[in-house]
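Thanks for coming, everyone. I'll walk through one structure and keep it brisk. Here it is on the screen.

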Amino acid sequence: IPLPADGSSMPEWIPVEILALDNQIAFFVNGRLVYVMDNAARLGGSVALGVDQGTTADFDSLVVRDTSPHDQS
């Protein structure tokens with residue numbers, strides 16, 4: 001979201017959730033599914049966050065959780 005040019009405050013928080021399983025990724029905004037990606041390239045657990053020029057991101061809370069099955073042969 002571009003910063004307001006008049007110096008006013010930013011809009012309220014917008015919850016974003018990203019779920020990944022194997023090569024599938026789903027993106028939710030405000031609890032609503034907005035995009036699904038199949039056959040995504042596996043990056044070995046890499047996570048990257050960024051913004052475009054003239055924009056900002058502020059993370060109130062960020063949770064990265066491993067949901068893979070454990071203790072299974």
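Start with the strands: over how many bridges do β1 and strand β2 pair, and in which sense? The pairing of β1 with β2, residues 24–29, is antiparallel and runs over 6 bridges.

Before going on, some ground rules. This is a predicted model, where local features need pLDDT of at least 70, side-chain atom pairs count only at pLDDT 80 or more, and totals for chains, interfaces and linings use all residues. Residues are numbered from 1 along each chain as its sequence is written, and side-chain values use heavy atoms, with hydrogens and water left out.

Back to the sheet. Strands here are DSSP runs of E, at least two residues, numbered from the N terminus. Two of them pair if DSSP finds at least two bridges between them. The sheet is open, with 3 strands in the order β1-β2-β3 and antiparallel pairing. β1 (16–21) and β3 (32–37) stand at the edges with a single partner strand each, so one side of each lacks a neighbour in the sheet. From one strand to the next, the twist averages 20°. Axes for that angle are lines fitted to C-alpha atoms, and angles run from 0 to 180 degrees between N-to-C directions.

Now the aromatics. How many aromatic pairs does a search of the whole structure find? It finds 1. The ring centres of F27 and Y35 are 6.1 Å apart and the planes stand at 50°, so this pair is tilted. The cut-offs: rings of Phe, Tyr and Trp (its six-membered ring) pair if their centres lie within 6.5 Å; planes under 30 degrees apart count as stacked, over 60 as edge-to-face, the rest as tilted.

Next, accessibility. Buried means under 20% relative accessible area, exposed over 50%, partly exposed in between, with a 1.4 Å probe and protein chains only. F27, at 25%, is partly exposed. Y35, at 47%, is partly exposed.

On to backbone angles. Most residues other than glycine have a negative phi. N30 has a positive phi, near 55°. N30 sits in the loop between β2 and β3, and is exposed at 54%. N39 also has a positive phi, near 60°. N39 lies in the segment after β3, and at 66% counts as exposed.

Last stop, R65. R65 is in the segment after β3 and is exposed at 63%.

Key: Helices (H or I, at least four residues) and strands (E, at least two) are DSSP runs, numbered from the N terminus.
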